[in-house]
Amino acid sequence: MEKKMRFGIKSKIIIGYLIVIICLFISFIVLNSQISSLQKERNFIIDHDIEVHDLTNRIEKHLLDMETGQRGYIITGEASYLEPYNSAASSWEKDYNALYQLLNNNPRQQEKLEEIKKSIQGWIEAAGEPTIALKKENNTKELQQFFEKDLGRQYMDDMRSQFSSFRNVEKKSTETRATELDEKNQKIKIGLYGLLLFVTLISLVIAIVLSNSIVNTIKEVTQTIKRITALKGELKGRIKVRSNDEIKDLGLATNALLENIEERNWLQTNIAHAVTMYQGIASVDKLAEKFLFTVSEMTGASFGAFYVREENDKGDLFVKQAAFADRKGDAGRESFLIGEGLIGQAALEKRTLLINDVPDTYQLIASGLGDVKPNSIFIVPVLFEDEVIAVIELASLHEFTVLEQELISQVIETFGLTINGVIRRMEIARLLKESQAMTEELQAQSEELQTQSEELQMQSEELRMINEQLEERTKDAEEKSFELEAAKEDLEEKAHQLELNSQYKSEFLANMSHELRTPLNSILILSEMLEENAAKTLSEDEEEYARIIHSSGKDLLALINDILDLSKVESGKLDVLLAEMNMSELPDQIERNFSHVAEQKKVQLKINKAQDVPDIIHTDEKRFQQIVKNLLSNAFKFTESGSVTVSIQRVADHRLTTAMRTVDTDCWLEISVADTGIGIPKEKHQLIFEAFQQADGATVRKYGGTGLGLSICSEFAKLLGGWISLSSEVGKGSTFTLYLPSLSNGLVDYEKVNFAYEEVAVSVEEAEPEAEITEIDHPVQPVEPSLQDDENVFQDKRVLIVDDDQRNIFALKTSLAKQGMTIMTAHNGIECLEMMKNSETFDLILMDIMMPQMDGYEAMQKIRGELKLVDLPIIALTAKAMKNDREKCLEAGASDYISKPLDLNQLFSVMRVWLVN
């Protein structure tokens, strides 16, 4: 049978388009032919009729010229009038002949032309030539007689009438041709529409035929798929496609998919059946028989044997446990060693063997009618924990398919576990039977001994279980004891380290207090005496020196006190002295201490005290005052404009939390300090209450400080039984609120206070920047230089001091001015850059590092980078004195580096080196 020619969808569509294109091409040829015919007829009408009218007009013009020339010559007698006459007389016959030729297809018109010709010739002979001759002879009398008769006029009227008749006929002829042309054009239009309709019908027919051939085939495929889907899992149906195109390819691919799915379903169903069929079987031989029967039924195997591994003196021996289609027990060997024969080799290599070319001498498969040689042998080892525990050999009259091989391989994957379980259950059953036999034998010997043995056995079992439990508990106890011992040693070590750290810290703070307070005490006393200037021996500058020394000493003393207070609080050695405190005087005290600060900063101070606040409370007044002063100091420090509001009120009963009610107190007070300052982000709320921590903790800080104030206030508040809460919004201000109980019955439990603090702190949302009690720096002590010969080096040199501490500026300015130098000052890096951008020139710059808004590092980088002043000497001054500060300063652009407190001799020496160079 010849192979059916493939006629794809693409080919069908292309052929359809080709047919449509051919029809359009034929239509175009026919239409072009008709249009060409119309064009020829149109050209004939245009050329022929126009030429006829043109020649007619020219003949009439010639006659008119002859008549005009004749009359002009007769009237004037001038020979020039005869030129148009003579020219027309010689030309009209040529035009006449041409016109006569154009009308050779119209005899009637030619006849009219001949009559016109006779009239023209009659006029020339009767009127034209005779009158001219008479005029030439100057025979006026005969001319007058001629014109009295005027025979020429009659000829002219006849010729006009003839020409009019001739033109009318030609006009009607032209109209007739135009009408015929219109009719023909209309016919062509109708034919064009008919041809277009014909092509459209052909296109529709082709489209319908092609679409039906495609759609009907797709419908057949779709209906077949729906029928298969409706069978709910039955995949026997197949798609049949008669066309030989892409739809057939789709049907074939779908059929292949259905076959694959059917095979997979068959495979999974049989695997599930094989797995479930040997559940509950307790012996290996029954399991083997069941397995061989099920697998043979699934794969169509006609012969099979099942071997299970047993251990003996010779090693591992595989013994036949079951056979399928056995003929008098001769289905295969009874046993074989590993590596013996193909089946032994398969067990040795742990791989499957498939033999399709079976020799003729192989054992035959018996049936009722005779013996048949198998066509395929399949040997499969069964593995458990990577060891061969059984081998299965199957023989079939047909070759095992790939699907059947895959089925057997997947069933075998879990079959090893089943065989091992059955063997173990059989071993357990055998041992149980042996135990029962021994028990029966002992029971036969003596019932009493059996009873005692049973009792002893039970007791032994109980003792064994108790012993095992004791051993486990002992082991657990030893492990826990070891862990506890290690944890104890670890805790003891850490406790010892903490004790040493606390001891070292206390000793260090005590030594620091002694070492700092001793010289500081002398500094304060002597500077105060110098400041008083009782003997009037000091100048105003020297009095200013003494005041700066005294102020710096007091700041340093306050800082030392803060550090010692914080250390005492942390170590629990700070004494709290409870006594009565007059709350009615608190507003006056605040007004007295901070009104001048408010006036200086132009910030409004508001103090609000509620009527229900008791006049007397019990607390440590010193610590309370220290907390309030510190909160107010912070509020004014961080508030540039607006107001600072102090609110004192009693906490209402309905606002008391459960933990606050447990505190033995007369009342709870709420003292809040609210400002309109800079505020602080929420993530810094907890940070600012830690020691030496600040919200703006970077090197460049606008407000300065040590970071101890709020930490000490928080610890003081907890010691007094209260806490400090905080709410703040960046750019709008902060509110610190102190909650404090009146401790008329003594101090409260700190754990309760801490719990109450946590409960209330949940509602706090924003925090203010960190506060500090004091601000300390290292002022430069003015010392007279020892080298007087530097005057010529320093004389008239312009030096710029950049420092945010007015005391340092004053000391340096005074010392340098005495050397003859001109001093300019700037309080931060921004002012320094502005001065230098304003064309200020300097011989040297003394640059402090720790400054607000722009520090010394950034200022030096901009001077070197943006201003391009690479040769200007810059000496960095800093009180930080960390390990890598010198390298960092030089990297930023400093020429040299000096740490505070300054040695003026060293400073002058460095300045002299850079000024000379």
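Me: What is the relative accessibility of Glu729, and what does Glu729 count as?

Reply: Buried means under 20% relative accessible area, exposed over 50%, and partly exposed in between, with a 1.4 Å probe and protein chains only. At 42%, Glu729 counts as partly exposed. The model is predicted: local features need pLDDT of at least 70, side-chain atom pairs count only at pLDDT 80 or more, and totals for chains, interfaces and linings use all residues. Residues are numbered from 1 along each chain as its sequence is written, and side-chain values use heavy atoms, with hydrogens and water left out.

Me: Which residue forms a salt bridge with Glu729?

Reply: Side chains of opposite charge can pair when their charged atoms come close. The rule here asks for a side-chain nitrogen of Lys or Arg within 4 Å of a carboxyl oxygen of Asp or Glu. Lys732 forms such a bridge with Glu729, the closest N and O atoms being 3.5 Å apart. Lys732 counts as exposed, at 58% relative accessibility. By this rule the count comes to eight salt bridges.

Me: Which parts does the pair Arg886 and Asp896 tie together?

Reply: Helices (H or I, at least four residues) and strands (E, at least two) are DSSP runs, numbered from the N terminus. The closest N and O atoms of Arg886 and Asp896 are 3.8 Å apart in their salt bridge. Arg886 lies in helix H21 (residues 885-892) and Asp896 in strand E20 (residues 896-899), so the pair ties together parts 10 residues apart in sequence. Asp896 is buried at 18%, while Arg886 is partly exposed at 38%.

Me: In what order do the five strands of the open sheet run?

Reply: Two strands pair if DSSP finds at least two bridges between them. The order is E10-E12-E13-E15-E14, with mixed pairing. Strand E10 (604-609) and strand E14 (723-729) are the edges, each pairing on one side only. Seven bridges join E14 to strand E15 (residues 733-741), and these two run antiparallel.

Me: Which strands does helix H12 touch?

Reply: Contact means heavy atoms within 4.5 Å. Angles run from 0 to 180 degrees between N-to-C directions, along axes fitted to C-alpha atoms, for helices over the stretch in contact. Helix H12 (residues 586-601) packs on the sheet, touching E10 and strand E12 (643-650), and its direction makes about 170 degrees with that of E10.

Me: Where does pLDDT stay under 50?

Reply: pLDDT is the predictor's confidence in each residue, from 0 to 100. Where pLDDT is low, the predicted coordinates should not be read in detail. Here pLDDT stays under 50 over residues 755-790. The mean for the protein chain is 75.
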